[in-house]
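Student: I would like a close look at a single part of this model, please. Could you walk me through it as one connected story?

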Amino acid sequence: MTLWTATEAAGATKGRSTTDWQATGVSIDTRTLQPGDLFVALKAARDGHDFVAQALEKGAGAALVSRIPEGVPEDAPLLIVDDVQTGLEALGHAARARTAARVVGVTGSVGKTSTKEMLASILETRGKTHASVASYNNHWGVPLTLARMPRDTEYAVIEIGMNHPGEIAPLAHQARPHVGLVTTVAAVHLEAFDSVAGIAAEKAALFDGLTDGGTAIVNADIEHAGILRSRAQARGAKIVEFGRMARDYTLTHVEQRADSLRAQGRVGDNEISFDVQSAGTHFAMNALGALAACVELGVDLDQAIAGLRGWSPVKGRGVREVIALPNGARIELLDDSYNANPTSMEAALDVLAASAGQRRIAFLGDMKELGAQEQAMHAAIADVAAMAQVDQVHCIGPLMRALHQALPEGKRGLWAETSAGMALHLPELIRDGDAVLAKGSLSMALAQIVDGLRKMGQGSALES
Ligand SMILES: Nc1ncnc2c1ncn2[C@@H]1O[C@H](COP(=O)(O)OP(=O)(O)OP(=O)(O)O)[C@@H](O)[C@H]1O
Ligand SMILES: [Mg+2]
């Protein structure tokens, strides 16, 4: 189906189309470009203009450019604008303006992608749903998500992220959500902020972009919920709260099961229960926020709870699997290698502590962007409640030295500079019946530990 015509896109961007092209999608990367896509020549590590010829060869419907690149045929289908980033944002604005979709915006220090996927799983059962891909939540991710939105979309789920102050408001104004959900606020990206209160104020900027009469979904359990409430009030938004201490959507009990959890709660005076296909109380809380948002989008609560069953954790974000080893041994792997900060680290250690492993083993890598207190924040992991149930912790990276030193002798495992270095020792560190957690910031590549364990499933036997 046609997503953009040359005339529509030129009108939206105040650009000039060289031919009467049509596009069925939007892409910023020739490696994933689909035939018919409008290729957007963004400047990132490389200048996208250098890839326009390739994109057209791969069947792009047209290219959004700010100059005519070398090696592009005279009659190439181009949309020429002053600035490509501004052009992409203008397409996003036009796509948002032309749709009747109910839009929900999701931000938060952690849980954005997981909750966005939960919302998409639910809303897909109710109507045509468009959602951000992966973690596309920044200055190009949000307008790209909007520009890709089919005009007949019924529900749109937009993930909105930030690394620095001032980034959320412009993205929120692009998405113009009917419902804005802040999953939680925590000490993430502290390097760029003076305090967690500063992070809360930045997250609250999501509500600035709400449509008139929009709804703000606030996690009542967080320290700075007041900052979120007052920003929502300033926008004249309806406020709906979720959490253990919330009045609207209250989480009362979470029962951990093998691969899932059963949560109990109250909505107003009604008791509810819902299942989430993952371990971890934090996912029950994300789910409660997602249910509240869906009801505010007009979905019946029971239908939302049913739709939630279709969700399962995203790769590297709390996926649990059993690895069978050649000699009949088995280990349980908790793959949480996608990213890490003190809040998600504690949540992941809670899941490990609750697992049925004979031994509970953690491979923990550095947590980045924590700012001046980073050493103390790594050492503090030794004091989280869950650590009492963990048998051994192997530490990876210069910052994790602080944790390695803070750990009691009996729990202190190996320390290695890199995941690759630690992966060499896996056969001697893992035993039959172990439950193993791998977690660290993406750049620490804990995925190498995950892959190393999976490979053991295909090859070398464990030490008995
Ligand atoms: N509410 C929560 N509290 C604590 N940890 C959480 C919560 N939700 C998810 N997590 C954990 O945080 C990690 C990242 O989850 P997710 O990818 O959903 O977050 P995100 O906010 O999208 O991250 P990013 O900022 O990289 O986009 C996972 O390890 C997940 O288990
Ligand atoms: Mg994300």
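In which helix is Thr113 found, as a place to start?

Tutor: Happy to! Thr113 is found in helix 4, which spans residues 112-123. Helices here are DSSP runs of H or I with at least four residues, strands are runs of E with at least two, and both are numbered from the N terminus.

Before going on, a word on the ground rules. This is a predicted model, in which local features need pLDDT of at least 70 and side-chain atom pairs count only at pLDDT 80 or more, while totals for chains, interfaces and linings use all residues. Residues are numbered from 1 along each chain as its sequence is written, chains are lettered from A and ligands numbered from 1 in the order in which they are written, and side-chain values use heavy atoms, with hydrogens and water left out.

Back to Thr113: its relative accessibility is 6%, so it counts as buried. On this scale, buried means under 20% relative accessible area, exposed means over 50%, and partly exposed is in between, using a 1.4 Å probe and protein chains only. The side chain of Thr113 makes a polar contact with the side chain of Ser135 at 3.2 Å. A polar contact is a pair of N or O atoms within 3.5 Å; within protein, one must be able to donate a hydrogen and the other to accept it, and residues adjacent in sequence count only if both atoms are side-chain atoms.

The magnesium ion (ligand 2) has Thr113 (OG1), Ser135 (OG) and Glu159 (OE) as its protein donors, at 2.1 to 2.3 Å. Along the sequence, the donor residues follow the spacing T-x21-S-x23-E. Thr113 and Ser135 link distant parts of the chain: Thr113 sits in helix 4, and Ser135, 22 residues away, sits in the loop between strand 9 (129-131) and helix 5 (141-147). Donors are N, O and S atoms within 2.8 Å of the metal (3.2 Å for Na, K and Ca), and water is not among the atoms, so sites may look incomplete.

Thr113 and Ser135 turn up again around ligand 1. In all, 19 residues surround this ligand, and the closest are Thr113, Ser114, Ser135, Arg317 and Asp336. Being near a molecule or strand means that a residue has a heavy atom within 4 Å of it. By class, the shell around ligand 1 consists of four nonpolar, ten polar and five charged residues. Here Ala, Val, Leu, Ile, Met, Phe, Trp, Tyr, Cys and Pro count as nonpolar, Asp, Glu, Lys and Arg as charged, and the others, Gly among them, as polar.

Now for the atoms that reach ligand 1. Lys112 places a polar side-chain atom 2.8 Å from an oxygen atom of ligand 1. With Thr113, a polar backbone atom is 2.7 Å from an oxygen atom of the ligand. For Ser135, an N or O atom in the side chain is 2.7 Å from a ligand oxygen. On its own, ligand 1 has 630 Å² of accessible area, and the protein covers 92% of it. Accessible areas come from the Shrake-Rupley method with a 1.4 Å probe; for residues, only the protein chains shown count as cover.

Which elements stand out in that shell? Helix 4, helix 9 (281-296) and helix 11 (342-353) are those that give two or more residues to it. Ligand 1 lies between domain 2 (99-308) and domain 3 (319-462), because both give residues to its shell. The domain bounds come from an automatic or database domain assignment.

Thr281 has its place in helix 9 and is partly exposed, with a relative accessible area of 33%. Between the C-alpha atoms of Thr281 and His130 there are 27 Å, and the two residues are 151 apart along the chain.

Gln85, in helix 3 (residues 84-98), is buried at 18% relative accessible area. Its side chain reaches the backbone oxygen of His139 at 2.8 Å.
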